[in-house]
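This report covers strand pairing and charged side-chain contacts in one protein model. Please keep the sequence and the structure in view while reading.

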Amino acid sequence: MKRGTVIALVALVLVLIAFFATRKYDSDTVQPYVIKHVELGRIELTRPDNELVILEKLDSGWLMTAPVKAVVSEPIQKELDAVFATEIRTDDFRVSKAKLETYDLTDTTGTRVALFPKGATVPAVKFLVGREMRINERVRRSFIQTDRGKAYRAQRSLEFLRKPAESFRSKTILANDRREISNIKITTADGVVELVKPAEEWKMVSPEPGMRLEKEVVEGLVALLANLQASGFGDDKNPAQIGLDPPRATVVAQVGQAEIVLDLTHVGKDWYARKRGDSVIYTIGSATGNGLVPDLKSLRDRVPLVLDRPAIQTIEFMGAEKIIVTRNGESWTMLRPSKKEVKLEVFVPIVTTLAALRIARYEDVSLEEAGLDMPKERIILRSKGVKSELLFGSMREGRNDRYAKWASLPLIFIIPGNVAERLLPTTKDLIDI
């Protein structure tokens with residue numbers, strides 16, 4: 001290295017040493033700050049809107065005592081225990097006064113935090129929590145300001161302390177082991193529906209004992225009773241005005257040896273729930289509310305009639321054309337209008353669908369309203385000594401869906417338009433002409 005270069009480098013080093021040696025720092029803002037660990041008994045959070053959130057540590061966990069009394073959610077409990085299990089250190093990071101507003105470290109943007117040791121009436125530590133900074137995908141840190149006005153960057157995220165009171169509250173209404181749920185009784189203005197699970201399968205006790213149940217709907221109901229989560233809270237609602245005193249609907253479930261009672265109501269599409277013995281009014285989604293009080297139509301198996309597929313011998317399609325097809329061993333033969341073997345790839349799926357026809361839903365309409373008082377299309381299935389007749393009514397207004405019913409049953413239901421079309425083939429669909 002040339003002598004001139006060496007001299008220049010030495011001079012640069014001396015200049016840098018002189019710069020850092022003579023630069024003045026405010027020691028309180030440069031030296032790391034430590035929020036010392038204390039055995040917490042209470043935390044008070046004052047948000048920018050002056051909402052006061054008080055969290056108290058009990059033997060059973062954290063409890064919110066202000067602005068309302070409520071159990072703290074499990075994720076927040078875990079975060080509180082994790083954050084305050086040890087001291088909180090800050091980075092050796094300068095936050096200038098000009099940046100306080102940028103990092104939400106003002107009384108109008110930050111959240112004031114007071115940490116009270118167990119049994120104490122005076123806080124051991126007070127500080128302001130400001131904005132969070134993402135260091136990378138996994139590391140986040142929050143800016144804080146001490147009660148002496150010095151600002152730092154904490155070596156962990158404290159963002160959850162800035163959340164509104166509602167976010168601290170547990171939204172778990174029910175938490176049960178679904179395997180222990182053995183009886184469900186739903187009471188509404190329409191009457192009482194009672195389900196029991198004596199073994200592996202749920203059965204209806206009332207109002208139609210032995211009615212085959214739609215498994216998906218029943219399992220959905222059980223899942224809600226095992227883990228029911230609220231969407232929010234109805235603290236501002238009057239129970240009598242929204243229909244919780246007395247409740248418009250009640251669900252009683254036997255869970256092991258315990259009985260839980262859930263009161264439900266809805267105002268339009270807004271649903272509310274309250275566990276009997278608890279004063280908290282929860283809001284729940286309309287799908288959740290309807291899932292908790294399914295009506296008889298929803299609970300009924302959406303396969304109204306199950307036929308013995310191998311026993312079906314003849315099928316007659318009575319519509320624009322009259323087509324008769326009969327079983328011939330492993331194949332099917334058309335008897336009318338032409339005596340030919342039908343296309344199995346077309347006909348077998350029709351037979352399979354008819355043997356266990358799954359409908360879209362049941363409808364409370366009259367035969368006249370459904371166009372079933374004088375049906376113009378029907379399918380007749382003949383087995384050994386048994387005749388089953390599927391009647392087709394009118395299309396639903398503005399849709400291709402069809403009203404239909406089995407002649408032997410009083411139930412009127414909806415068949416999707418594409419399914420109905422497939423079940424009423426033409427001669428051309430079944431044979432090569």
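A hairpin connects β3 to β4 through two residues. Strands here are DSSP runs (E, at least two residues), helices are DSSP runs (H or I, at least four residues), and both are numbered from the N terminus. This is a predicted model, in which local features need pLDDT of at least 70, side-chain atom pairs count only at pLDDT 80 or more, and totals for chains, interfaces and linings use all residues. Residues are numbered from 1 along each chain as its sequence is written, and side-chain values use heavy atoms, with hydrogens and water left out.

**Strands around β4**

Strand β3 covers residues 52-58 and pairs with β4 in the antiparallel sense, over five bridges. Pairing requires at least two DSSP bridges between two strands. Glu 56 sits opposite Leu 63 in β4. On to the next partner. β4 also runs antiparallel to strand β5 (residues 70-71), joined by two bridges. Met 64 has Ala 70 in β5 as its bridge partner. Three residues lie between β4 and β5, which form a hairpin.

Why is β4 largely enclosed by the rest of the structure? Five of the six residues in this strand (residues 61-66) are buried. Buried means under 20% relative accessible area, exposed means over 50%, and partly exposed falls in between (1.4 Å probe, protein chains only).

**Salt bridges**

Side chains of opposite charge can pair when their charged atoms come close. A salt bridge here is a side-chain nitrogen of Lys or Arg within 4 Å of a carboxyl oxygen of Asp or Glu. The whole structure holds 30 of these salt bridges. The table lists some of them.

| Salt bridge | N to O distance |
|---|---|
| Lys 57 and Asp 81 | 3.5 Å |
| Lys 78 and Glu 74 | 3.4 Å |
| Arg 153 and Asp 91 | 2.8 Å |

Arg 153 belongs to strand β10 (residues 151-153), while Asp 91 lies in the loop between β6 (88-89) and β7 (111-117). The two are 62 residues apart, so this pair links distant parts of the chain. Arg 153 and Asp 91 are both buried.Lys 57 and Asp 81 form a salt bridge. Lys 57 lies in strand β3 and Asp 81 in helix α3 (residues 74-83), so the pair ties together parts that are 24 residues apart in sequence. Lys 57 is partly exposed at 33% relative accessible area. Asp 81 is also partly exposed, at 37%.

Lys 78 and Glu 74 are four residues apart in helix α3, about one helical turn. Lys 78 is exposed at 54% relative accessible area. Glu 74 is exposed at 53%.

A network of salt bridges links Asp 104, Arg 131, Glu 159 and Arg 162.
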